[in-house]
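Here is a briefing on one protein chain.

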Amino acid sequence: MKGNLIPEKLINMFEKDKVVGWAIKDTQSNFVYVNEALKIWQTISPDYNYEGRNIRDVPVPVAEFADLFAEQERYVESTGKAVRAITTHIQGKEKIMQPAYNIQEPLFDENNVCIGTVISVRHVKIITPTALLSGKINQHATFQAPSDFFTEKEWEVVYLLQCNLSLKEIGNVLGITLDAVNGRLRSCYRKTHINSAASLIEFCESQNFDNYIPLFFLKKGHIIISG
């Protein structure tokens with residue numbers, strides 16, 4: 001099946017790509033080819049055989065979006081247009097909740113008939129508010145805590161402080177009382193021997209803690225950017 005559907009030069013390109021996950025599906029949304037990078041994205045063994053399977057039958061977290069993926073693949077096949085989307089789920093070599101940028105494009109045979117869909121998946125590069133304000137445009141967000149110095153609840157407050165929110169606004173975003181916000185802040189102050197929000201922000205910048213986006217702000221979903 002693979003040899004009949006995919007040009008050899010395309011296979012070679014995909015096999016050499018260690019960064020972008022590539023896959024090809026037929027017009028029934030069954031996998032024809034998957035490279036190792038995509039298997040890593042989908043948190044499954046590099047030895048797992050995808051060929052002939054539908055994503056709904058593969059034991060990976062994003063399988064719950066199988067119907068959405070299939071709907072988009074039919075659109076791609078019928079229109080010849082690519083679909084771009086952001087998928088946020090447990091994925092990547094870190095096996096954590098994080099966004100991924102994916103593109104579904106039509107695959108045509110020599111007679112210009114659409115015979116399937118080419119899928120690519122890669123990291124989303126996000127510049128955090130502090131990086132943008134400080135001119136560190138090459139510093140991208142991470143979705144795994146850089147340290148266990150703070151608890152996850154404390155990281156949430158630290159992140160919103162860096163976004164220049166007031167304590168009341170932080171409470172509103174997190175859905176907690178002002179007293180609870182202050183309680184988390186006091187804990188941060190004890191750990192850092194610091195007694196002001198401004199100093200806490202400076203401390204985080206000096207420790208390269210300012211590019212972490214806590215799990216609270218990552219909502220599982222699949223959002224189409226364009227079609």
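A nonpolar core is a set of buried Ala, Val, Leu, Ile, Met, Phe, Trp, Tyr and Cys residues joined through side-chain atoms within 4.5 Å. Buried means under 20% relative accessible area, exposed means over 50%, and partly exposed lies in between (1.4 Å probe, protein chains only). The largest nonpolar core here has 25 residues.

This is a predicted model: local features need pLDDT of at least 70, side-chain atom pairs count only at pLDDT 80 or more, and totals for chains, interfaces and linings use all residues. Residues are numbered from 1 along each chain as its sequence is written, and side-chain values use heavy atoms, with hydrogens and water left out. Helices (H or I, at least four residues) and strands (E, at least two) are DSSP runs, numbered from the N terminus.

**Nonpolar cores**

- Within the largest core, the residues with the most contacts are Phe150, Val157, Ile170, Leu200 and Cys204.
- At least two residues of this core come from each of β4 (96-108), α6, α7 (167-174), α8 and α9 (197-206).
- Helix α6 gives the largest share, six residues.
- Contact means heavy atoms within 4.5 Å. Not counting residues up to four places away in sequence, Phe150 touches Trp155, Val158, Cys188, Lys191, Thr192, Leu200, Phe203, Cys204 and Phe209.
- Another core, of 19 residues, lies apart from the largest one; Val58, Val62, Ala63 and Phe65 are among its members.

**Helix α6**

- Helix α6 spans residues 152-162 and is mostly covered, with nine of its eleven residues buried.
- The buried residues include Glu154, Trp155 and Glu156.
- Val157, Val158, Tyr159, Leu160, Leu161 and Gln162 are also buried.
- After α6 comes Asn164, whose phi is positive, near 70 degrees.

**Salt bridges**

- A salt bridge is a side-chain nitrogen of Lys or Arg within 4 Å of a carboxyl oxygen of Asp or Glu. The whole structure has six of them.
- Lys191 pairs with Glu154, and their closest N and O atoms are 2.8 Å apart. Lys191 is in helix α8 (residues 178-192) and Glu154 is in helix α6, so this bridge ties together parts that are 37 residues apart in sequence.
- Lys191 is partly exposed, at 31% relative accessible area, whereas Glu154 is buried, at 6%.
- Arg184 pairs with Glu156, with 3.2 Å between the closest N and O atoms. Arg184 is in helix α8 and Glu156 in helix α6, so the bridge ties together parts 28 residues apart in sequence.
- Both Arg184 and Glu156 are buried.
- Asp67 and Arg56 also meet through their side chains in a salt bridge, at 2.8 Å from N to O. Asp67 sits in helix α4 (residues 66-79), and Arg56 in the loop between α3 (36-41) and α4, eleven residues apart.
- Asp67 counts as exposed, at 54% relative accessibility, and Arg56 as partly exposed, at 45%.

**Cavity**

- On a 1 Å grid over the protein atoms alone, a cavity is a set of points where a 1.4 Å probe fits but cannot get out, and a pocket is an open set with protein on both sides within 12 Å along at least five of seven lines; lining residues have an atom within 4 Å of a point.
- Grid points are joined across faces, edges and corners, and a volume is the space filled by probe spheres set on the points.
- The structure has one cavity of 30 Å³ or more. The largest cavity has a volume of about 210 Å³.
- It has 18 lining residues, and the closest to its centre are Gln42, Phe69, Asn102, Ile119 and Val121.
- Strand β4 supplies the largest share of this lining, three residues.

**Pockets**

- The largest pocket holds about 180 Å³ of space. Its lining consists of Lys18, Val19, Ala37, Ile40, Trp41, Gly92, Lys93, Glu94 and His123.
- Helix α3 contributes the largest share of that lining, three residues.
- The second largest pocket has a volume of about 160 Å³. Its lining residues include Glu94, His123, Lys125, His140 and Phe143.

**Gln72**

- Gln72 lies in helix α4 and is buried, at 5% relative accessible area.
- Leaving aside neighbours within four places in sequence, Gln72 contacts Val83, Gln104, His222 and Ile224.
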